[in-house]
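Please look over the sequence and the structure shown here before reading on. The notes after them are grouped by topic for a reader who is new to this structure.

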Amino acid sequence: MKKTIITTANAPAPIGPYNQAILSGNTLYTSGQIAINPKTSELVLDDIETETHQVMKNMEAVLKASDMTFDNVVKTSIFITDMNDFGKINQVYGSYFDDDYAPARETVQVAQLPKNVHVEISMIAVK
């Protein structure tokens, strides 16, 4: 199996032993992104909407580094620390996809996320 490591300076560098994404064949597997501004390395936690936009911008940068867009995404996983934020997160997340071609997805509430953020999203995309 050939795998290509995908990295971009336009998304946060990994904070552990993993890569931003792996391309295997025509399928891209991304690591979860959190709301770190890649230019400043600072967390963007003003409110849940702003945090979610930063996560999606980071994910967009990883997709772009793979010559893909949100149109290529077939599956997402969303991890949140408070299910009461689901509606706000969903509204921001949904603004990045065409409703007719939105990917499959699950959203799961977890006890805690890295750096105490409130949302983390990972994706699988296909060329």
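Leaving aside residues up to four places away in sequence, Val 126 touches Asn 26, Thr 27, Met 68, Asn 72 and Val 74, where contact means heavy atoms within 4.5 Å. This is a predicted model, in which local features need pLDDT of at least 70 and side-chain atom pairs count only at pLDDT 80 or more, while totals for chains, interfaces and linings use all residues. Residues are numbered from 1 along each chain as its sequence is written, and side-chain values use heavy atoms, with hydrogens and water left out.

**Val 126**
- Val 126 has its place in strand β6, strands (E, at least two residues) and helices (H or I, at least four) being DSSP runs numbered from the N terminus.
- With a relative accessible area of 28%, Val 126 is partly exposed, the class between buried (under 20%) and exposed (over 50%), for a 1.4 Å probe and protein chains only.
- From C-alpha to C-alpha, Val 126 and Asn 90 are 22 Å apart in space, and they are 36 residues apart in sequence.

**The nonpolar core**
- The largest nonpolar core has 28 residues, and Phe 70 and Met 123 have the most contacts inside it; such a core is a set of buried Ala, Val, Leu, Ile, Met, Phe, Trp, Tyr and Cys residues joined through side-chain atoms within 4.5 Å.
- At least two residues of this core come from each of β2 (21-24), α1 (48-65), β4, α2 (86-94) and β6 (119-126), and α1 gives the most, with seven residues.
- Not counting residues up to four places away in sequence, Met 123 touches residues including Leu 28, Met 56, Leu 63, Phe 70, Lys 75 and Phe 97.

**The salt bridge**
- The structure holds one salt bridge, a term for a side-chain nitrogen of Lys or Arg within 4 Å of a carboxyl oxygen of Asp or Glu.
- Glu 106 forms this salt bridge with Lys 75, and their closest N and O atoms are 2.3 Å apart.
- The pair links distant parts of the chain, since Glu 106 lies in strand β5 (residues 104-109) and Lys 75 in strand β4 (residues 73-80), 31 residues apart.
- Both partners are partly exposed, Glu 106 at 31% relative accessibility and Lys 75 with a relative accessible area of 25%.
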